[in-house]
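Colleague: Could you take me through how one reads a few features of a model such as this, giving the general idea and then the case at hand?

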Amino acid sequence: MNNLKDQFLLDPEIAYLNHGSYGACPRPVFEAYQKYQRELETEPATLLYRNFSSRIQEVRESLSDFLHCGSDQIAFVRNVTYGMNMVAQTIKLGKGDKVLATEHEYGAVERMWEIICKERGAKFVKVELPLPVNGPEEILSLIKEQADTSVKVMTFPHIAAATAQVFPAKELVKIAKEIGAISVIDGAHAPGQLRLNLNDIDADFYVGNCHKWMLSPKGAGFVYASRSYEDKIRPPVISWGNISDGTSSLLLENDWQGTTDISSILAIQDSINFLKNHDWFNQFVPRSKKLIEEFNLRILEVTGMRNLYDHHSLEPPQMRSYVLPDGNYSSLHHDLFFNFKVELPVFLDQKEKFFRISVQAYSENSDLERLIEAIDKLI
């Protein structure tokens, strides 16, 4: 199957294997985004005042169909970190409460929970998970060992950022329900990479990005709230409210955040249409997975390290992380880019050191060949 490299604006000289960090927007979606920006500047009051609510609602309905949830259960935010803060600031934590997480949390989200727990006298507990983990059952067992009635919040990534492990989201939500804890999922990497059914997962809160694997422009994310919490959540910034077509505080307090560029949010609908028009989950997600599988053993051989995935269900289709051998890799990211024109993230603040590849519809064999050559020379 041919790649879609000509559909993206990426520099052809760069082996861009960092979609998981910053995404990349296809030309048709980017052109729609620019069209909305021009519309905003042509008649600002019409888009931001007269038509704001109806236009936002149209996008919300399109996204809710994509995520399989109620359209009134989604509020738009600029990214997952903002959305997770919105959720965390809403939950009433106090002395004696626990927030149960794992060692796989995204750094900014982990820092957020640590600060909030410290301020409110709660305890932030991180469950240690081995790498490689034997499978989803081991994840569930280790988390369940520390899940008791003192846990007020159970939070976890759907796909871990650094280690790129898929967590058994639905089963973890069930554990949270059993102990009466609030379930909060960091879904930054899941929408567009995994087929999502938020009604089926049934979390209390699910926070996701559209500007990563859904291919939307930068600054487009969402917060999903269950029916139990749709009237208990509010944004960090309190604005006018009461502009949305909705009736819950999730929408009434979050839709209108003052004068801002909503073009990236409007373009979510165009990114969803792009995915549908290219039969994304049947064509290009499997293509990405196949490309990773073709090069996986060669990357492991050049690093000389173990595979992080002992069970196929832990593997995201478009991301993979690799352990680095002992050594100083403080300049690895710099050297990969400036010496080999390879763009990917290197994680040095974990128990072990990793690099992560992201494979997208624009990726080709030569990108991974270049990575292998570079890693072979640099480590």
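Colleague: How do the axes of helix 13 and helix 15 cross, and within what distance do they come?

Modeller: In this predicted model, the axes of helix 13, which spans residues 280–303, and helix 15, which spans residues 365–378, come within 10 Å and cross at roughly 5°. Angles under 35 degrees count as roughly parallel, and the two helices are therefore roughly parallel to each other. On the side of helix 13 the contact is made by Leu-291, Glu-294, Phe-295, Arg-298, Ile-299, Val-302 and Thr-303, while helix 15 contributes Asn-365, Leu-368, Glu-369, Leu-371, Ile-372, Ile-375 and Asp-376.

Colleague: How many nonpolar, polar and charged residues has the contact of helix 13 with helix 15?

Modeller: Sorted by class, this contact has eight nonpolar residues, two polar ones and four charged ones.

Colleague: Which residues have the most contacts inside the largest nonpolar core?

Modeller: The general idea is that nonpolar side chains tend to be buried together in soluble globular proteins. Here the largest nonpolar core has 84 residues, and those with the most contacts inside it are Leu-63, Leu-67, Ile-201, Tyr-206, Phe-222, Ile-268 and Trp-280. To return to Ile-268, its contacts, leaving aside neighbours within four places in sequence, are Val-59, Leu-63, Phe-76, Cys-210, Met-214, Ser-216 and Ala-220.

Colleague: Is Ile-74 buried or exposed, and in which strand is Ile-74 found?

Modeller: Burial is read from relative accessible area, with under 20% counting as buried; Ile-74 has 0% and is therefore buried. Ile-74 is found in strand 2, residues 74–77. The C-alpha atoms of Ile-74 and Arg-60 are separated by 6.9 Å, although the two are 14 residues apart along the chain. Beyond neighbours within four places in sequence, Ile-74 is in contact with Arg-60, Leu-63, Ser-64, Leu-67, Cys-69, Phe-222, Val-223, Leu-250 and Leu-251.

Colleague: How many disulfides does the count come to?

Modeller: A disulfide requires a pair of cysteine sulfur atoms within 2.5 Å, and by this rule the count comes to zero. Cys-69 is in no disulfide, since its nearest cysteine sulfur, that of Cys-210, is 11 Å away. Cys-210 is likewise in no disulfide, and the nearest cysteine sulfur to it is that of Cys-69. As for burial, Cys-69 counts as buried at 10% relative accessibility, and Cys-210 counts as buried at 0%.

How values were computed
Residues numbered from 1 in each chain as written. Predicted model: local features only at pLDDT ≥ 70, side-chain atom pairs only at ≥ 80, totals over all residues. Heavy atoms only, no water. Core = buried A, V, L, I, M, F, W, Y, C linked by side-chain atoms within 4.5 Å. Buried < 20%, exposed > 50% of the residue type's maximum accessible area, 1.4 Å probe, protein only. Contact = heavy atoms within 4.5 Å. Axes fitted to C-alpha atoms, helices over the stretch in contact; angles between N-to-C directions. Helix = DSSP H or I, 4+ residues; strand = E, 2+ residues; numbered from the N terminus. Parallel < 35°, antiparallel > 145°, perpendicular 65-115°, else oblique. Nonpolar A, V, L, I, M, F, W, Y, C, P; charged D, E, K, R; others polar.
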